[in-house]
Amino acid sequence: MSIPADLKYTPSHEWVRVEADGTLTIGITHHAQDLLGDMVFIETPAAGRTLVKGEECAVVESVKAASDVYAPVAGEVVAANAEVESSPEAVNQDAYAAWLFKIKPANPADVSELLDAAAYQKLVESEAH
Amino acid sequence: MLKQTPLNAAHRELGAKMVDFGGWDMPVNYGSQIEEHYAVRKGCGLFDVSHMLSLDIRGANVRAFLRRLVANNVDKLQVSGKALYSCMLNEAGGVIDDLIIYFMDENWFRLVVNAGTADKDLAWMEQCNADWGMGLTLTPRRDLAMIAIQGPDATRVLNEALPGVDGLTASLKPFSAAAMGEMFIARTGYTGENGFEAMVLAKSAPFFWKALMEAGGKPIGLGARDTLRLEAGMNLYGQDMDETTSPLESGLAWTVDLKSERDFIGRKALEASEVTQQLAGLLLLDKGVLRSHQKVLTKNGDGEITSGTFSPTMQQSIALARIPLGIAPGDEVEVDIRDKRLKAKVVKYPFVRNGKVLI
């Protein structure tokens, strides 16, 4: 199970990396892509869109199923990854390299509410039972 | 407690992702579903389909019984080993199940029915057997395992795994079977490729599976089985038709024989019914993935997707949809996906056969 220690996580299986400039890079976890299987379609939010925490803002679809991606914290979308839209399988190959979008958080302190790697690991284990 | 096929341990050893499939513990994939899909289109895939039930019906009246029981005409079966695809209907003309019937001899027909409907089917058939005083013996063959060997390389793989079978694999015609003791090999499948479905005694199944893998067959899970059958334009019971739908509105009119005088169950209801819908193929023109239950908007009214997926062979999303009559191949329709209306084209299916895109 791959859960990098330097990232933050959500209970809905997004990962969040806090960049040096304070923006957040967001993707779905290795565990999430493993559950969904081969990715075939990804839709990311447009830059400039304002998100509230928990808002559905991206869609990842595998051969098997469609799944929503939620905003981990409130903020404004500053970039979306066009490469994963054209090559959705990148998420299967390396879920932590294939980011989906970046946001500028409305309140940088909100990041502290996210799960750390240990807490996320626990969550994944509890879902397996 | 989930039911297990005789190959359960083999799937686990291969690291399969197992799921509850209608009460059976089955492999959904062994890694990548898309790679498994390609393995069948380009080489040879192996499927454990032992969850499906084979059922032997024996007795003097078995042909007469099947004439009344199913919608297709078993009198099309005159050569031993020949197979027939048919629906078994209820009195209202709804589909209880779709099944394959093998004619072995006048006292023995073998049926293969879906896993999820097996108990219901058996109870229905036993009831008919009793009501009609047919005196037949119905024997569920849970002592058999069934393995599908599918793809352009299927004949070579089976020949190599089972030395001595090459004469049979060379002579067996499509949709025919041969029995040798308890071994039963049919040239049938659910992928749109050449291939076989082989039944062996459950205790021989792990050994046979291993021999097929050593000959180059790749294990394929239920995930790829679904994308393969949908590309091949084959119906899935419970999605594309069920007890509430007519075979005439499910793309199965070709399996309903109304030419003969037979009084089969459901015939009166079908003849009295008005057909207003059809099963059509859809090709998504916009980006996204078609899924079952999405609404289809046409100039003649709304319809619904019954099966949808991303087609690995076509690199595009495809679907079967039940839509109003009067909409023809080439017409454009819209599909409601997450509150957006995406464009799709109506096409004649199958989408893919023998590795070739037909659209």
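Trainee: How far apart do the C-alpha centres of domain 1 of chain B and domain 2 of chain B lie?

Mentor: In this predicted model, the two C-alpha centres are 28 Å apart. The domain assignment of chain B gives residues 1-274 to domain 1 and residues 276-349 to domain 2.

Trainee: How many residues of each domain of chain B are in contact with the other?

Mentor: One reads such a contact from both sides. Domain 1 of chain B contributes 20 residues, and domain 2 of chain B contributes 19. The area buried between these domains is about 1500 Å², with 54% of that area given by carbon and sulfur atoms.

Trainee: Which three residues supply more than any other three of the area that domain 1 of chain B buries against domain 2 of chain B?

Mentor: They are L230(B), E231(B) and E249(B), which together supply 38% of that area.

Trainee: How many salt bridges does the rule find across the interface of domain 1 and domain 2 of chain B?

Mentor: The count of salt bridges there is 0. Polar contacts are a separate matter: the rule finds 16 residue pairs in polar contact between these domains, both residues of each pair being at pLDDT 80 or more. On the side of domain 1, α2 (33-42) and α8 (222-231) of chain B each supply at least two residues. By residue class, that side divides into 6 nonpolar, 8 polar and 6 charged.

Trainee: Turning to the two chains, how many residues does the contact take from chain A and from chain B?

Mentor: Chain A gives 15 residues to the contact and chain B gives 13. The area buried between the chains is about 1200 Å², and carbon and sulfur atoms give 47% of this area. Within the part that chain A buries against chain B, D38(A), F41(A) and V63(A) supply 42%, more than any other three residues.

Trainee: How many salt bridges does the rule find across the interface of chain A and chain B?

Mentor: Here the rule finds 4 salt bridges. Among them is a pairing of the side chains of E61(A) and R338(B), with an N to O distance of 3.1 Å. This lies within the 4 Å cut-off for a salt bridge.

Trainee: Which elements of chain A give two or more residues to the side that touches chain B?

Mentor: They are α1 (30-36), β4 (39-43), β6 (56-62) and β7 (66-70) of chain A. The residues of that side divide into 7 nonpolar, 1 polar and 7 charged.

Terms used. Residues are numbered from 1 along each chain as its sequence is written. Chains are lettered from A and ligands numbered from 1 in the order in which they are written. This is a predicted model: local features need pLDDT of at least 70, side-chain atom pairs count only at pLDDT 80 or more; totals for chains, interfaces and linings use all residues. Side-chain values use heavy atoms; hydrogens and water are left out. Contact means heavy atoms within 4.5 Å. Buried area is the accessible area (1.4 Å probe) that two parts lose on being put together, summed over both. Helices (H or I, at least four residues) and strands (E, at least two) are DSSP runs, numbered from the N terminus. Ala, Val, Leu, Ile, Met, Phe, Trp, Tyr, Cys and Pro count as nonpolar, Asp, Glu, Lys and Arg as charged, and the others, Gly among them, as polar. Domain bounds come from an automatic or database domain assignment. A polar contact is a pair of N or O atoms within 3.5 Å; within protein, one must be able to donate a hydrogen and the other to accept it, and residues adjacent in sequence count only if both atoms are side-chain atoms.
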